[in-house]
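Please keep the structure open while you go through the points.

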Amino acid sequence: MAIPQALARHCKRFLLDTRPFQGKYLNHKTLSSFKRLTTSSNDVELTPYRYSIQRGNFAKVSREDIEYFQQILPIPSAVVTDAEELIASNTDWLKAVRGSAPVLLKPENTQQVSKIVQYCNQKNLAIVPQGGKTGLVGGSVPVFDEIILSTSRMNNVIQVDKISGTLVCQPGCILQELEDLLQSDNFILPYDLGARGSCHIGGNISSNAGGIRLLRYGSLHGSVLGLEIVLADGTILDCLSTCRKDNTGYDLKQLFIGSEGTLGIITKVAIALAQKPRARSVALIGCSDFDKVKNVYSSARTDLCEYLSACEFMDSKIMELVEHHLKLINPVQKSSFYVLIEASGSSEQYCKSALLDFLQPLMENKVIEEGIVVDTLAQIDEVWALRERVLEACQRDGYVFKYDVSLPLSVFYNIVNDLRSHLGNQAKNVGGYGHIGDGNIHINVTCDEYNVELEKAIEPYIYEWIAKHKGSVSAEHGMGFIKKKNMKYSKSEAAYNTMKGIKHLMDPKGILNPYKMLPEKYRQT
């Protein structure tokens with residue numbers, strides 16, 4: 001397609017580029033390799049020592065308990081007690097939380113989960129539900145010696161309804177594998193994550209994952225149509241409807257979306273699918289300041305309208321880490337900020353032209369310094385890799401203090417500048433990136449190894465800053481174990497007490513994912 005002459009005059013680099021980038025897509029193989037590279041799990045300090053927390057009044061797993069689980073799960077590999085095999089399941093991949101679970105259970109159906117949970121409730125044994133273990137707040141690994149209940153064997157697709165556009169499956173289905181399955185029917189899931197090659201749909205729903213498609217399709221609270229859940233006493237709660245409208249009483253499934261396995265264990269999922277766009281085009285552009293980044297986003301909403309499917313940004317520090325540690329090629333000249341805009345829709349011709357027409361006035365008004373537009377699948381994946389592999393690059397830079405927050409766009413990036421000034425030379429690197437399209441910024445602070453003094457310098461400073469500007473201390477990653485003490489910065493005491501009441505009502509013994517999400521007291525000392 002011809003490039004508008006006015007745009008060509010202003011920026012020769014805005015081409016439908018054909019150069020290879022040497023990028024890699026974050027898939028299951030890449031993520032698994034990265035986990036092996038970065039996780040020396042025995043070197044990670046046990047959580048109770050690092051965080052000075054006391055064990056709850058739960059029973060300890062006995063030989064009798066193991067024998068019972070082996071009766072329920074007769075396949076030998078479904079009951080894991082080998083200490084070496086348990087190391088990885090006991091440690092989160094950020095190396096911030098490490099438990100000492102003596103057993104890992106791998107049920108394959110709802111009935112097995114129900115029997116396990118019922119038994120554990122009777123015996124007062126604590127349970128940690130675990131999916132792909134790609135979470136960033138320590139929510140899916142033990143804190144002490146809780147039993148790990150993995151959904152990895154619960155990975156069957158039950159139904160794809162091509163007429164209504166719905167999917168029913170078990171919670172252990174890997175996001176990328178579901179996407180691959182849906183390709184032939186021209187559907188996609190209404191959310192997407194960088195960890196798609198390893199994350200499980202059940203864990204995504206339990207943590208109310210956001211990701212890069214939220215701007216276009218909304219949150220999982222709107223996309224999830226139904227759930228089947230095993231409650232703390234083993235009761236199977238069937239809310240597995242594929243109806244898009246159901247106004248009969250309380251919408252109970254919403255309680256479990258984002259509850260991080262503290263109220264029940266998801267065993268089946270029904271979700272509305274989105275139609276796969278026929279065409280996609282991606283622009284990666286450079287801006288000299290953040291006001292221009294906001295200008296780009298505002299113009300994209302107006303000019304691209306329904307074709308706008310993603311709007312992401314990275315600052316120069318983050319791009320430097322990606323280039324240095326991953327050896328990926330940034331096709332745009334060095335800028336203070338980078339914006340990734342994706343347009344997708346039913347018309348290939350309009351998708352390209354809409355993106356170029358959108359960029360032209362921004363170039364003329366010097367909002368954009370330089371950029372590149374690509375529209376082949378391989379090139380699109382390579383451009384996205386610059387954004388989606390950021391966390392991997394930060395991990396290679398050392399220990400990462402990672403913050404996932406929401407802020408009004410009026411002060412969106414100010415927090416990074418203020419944090420850099422506050423920390424001075426205490427941190428190795430401080431960078432910001434994220435989903436400007438939904439007000440979610442990720443702030444990464446790196447150092448050579450875990451540093452308690454640096455952590456004290458960051459917290460509570462960063463949370464007080466967020467509270468002052470009416471933001472949220474957790475935009476999409478949840479509270480887990482690491483963030484739970486900071487709930488007071490985003491929720492009122494009345495909201496906290498209500499949540500505690502719901503937890504006590506549904507899990508009186510507190511066996512489901514203890515030590516997670518809700519602090520023991522609203523105000524921690």
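1. Two strands are said to pair if DSSP finds at least two bridges between them. Helices (H or I, at least four residues) and strands (E, at least two) are DSSP runs, numbered from the N terminus. With that in hand, look at strand E1 and strand E2 (residues 104-105): they run antiparallel and are joined by 2 bridges. Leu104 in E2 is the bridge partner of Val80.

2. A word on what you are looking at. This is a predicted model, where local features need pLDDT of at least 70, side-chain atom pairs count only at pLDDT 80 or more, and totals for chains, interfaces and linings use all residues. Residues are numbered from 1 along each chain as its sequence is written, and side-chain values use heavy atoms, with hydrogens and water left out.

3. On confidence: pLDDT is the predictor's confidence in each residue, from 0 to 100. The chain has a mean pLDDT of 91, with 92% of its residues at 70 or more. Residues 1-39 are below 50, yet this stretch has 103 contacts (heavy atoms within 4.5 Å) beyond near neighbours in sequence. Where pLDDT is low, the predicted coordinates should not be read in detail.

4. Back to the sheet with E1. This open sheet has 4 strands in the order E1-E2-E4-E3, and its pairing is mixed. E1 (79-80) and E3 are at the edges with a single partner strand each, so one side of each has no neighbour in the sheet. Helix H6 (residues 110-123) lies across E2, E3 and strand E4 (147-150), at about 165° to E4. Such angles run from 0 to 180 degrees between N-to-C directions, with axes fitted to C-alpha atoms, for helices over the stretch in contact.

5. Another open sheet has 7 strands with antiparallel pairing, in the order E15-E12-E14-E13-E17-E18-E16. Here E15 (370-374) and E16 are the edge strands; each has a single partner strand, so one side of each is left without a neighbour in the sheet. E16 pairs with strand E18 (residues 440-447) over 8 bridges, and Val400 has Thr446 of E18 as its bridge partner. Helix H17 (residues 414-423) packs on this sheet, touching strand E13 (308-315), E17 and E18.

6. How many cavities of 30 Å³ or more are there? The count is 6. A cavity is a set of points on a 1 Å grid over the protein atoms alone where a 1.4 Å probe fits but cannot get out, and lining residues have an atom within 4 Å of a point. Points are joined across faces, edges and corners, and volume is the space filled by probe spheres set on them.

7. The largest cavity has a volume of about 920 Å³. It is lined by 50 residues, and those closest to its centre are Thr134, Gly135, Leu193, Asn204 and Ser207. Helix H8 gives the most to this lining, with 4 residues. Among the other contributors of at least two residues is helix H2 (28-38), which falls within the stretch 1-39 of pLDDT below 50.

8. The second largest cavity holds about 210 Å³. Of its 18 lining residues, Leu136, Val400, Phe401, Lys402 and Ile482 are the closest to its centre. Strand E16 (residues 399-406) gives the most to this lining, with 6 residues.

Conventions
1 Å grid on protein atoms, 1.4 Å probe; cavity = no way out; pocket = protein on both sides within 12 Å on 5 of 7 lines; lining within 4 Å.
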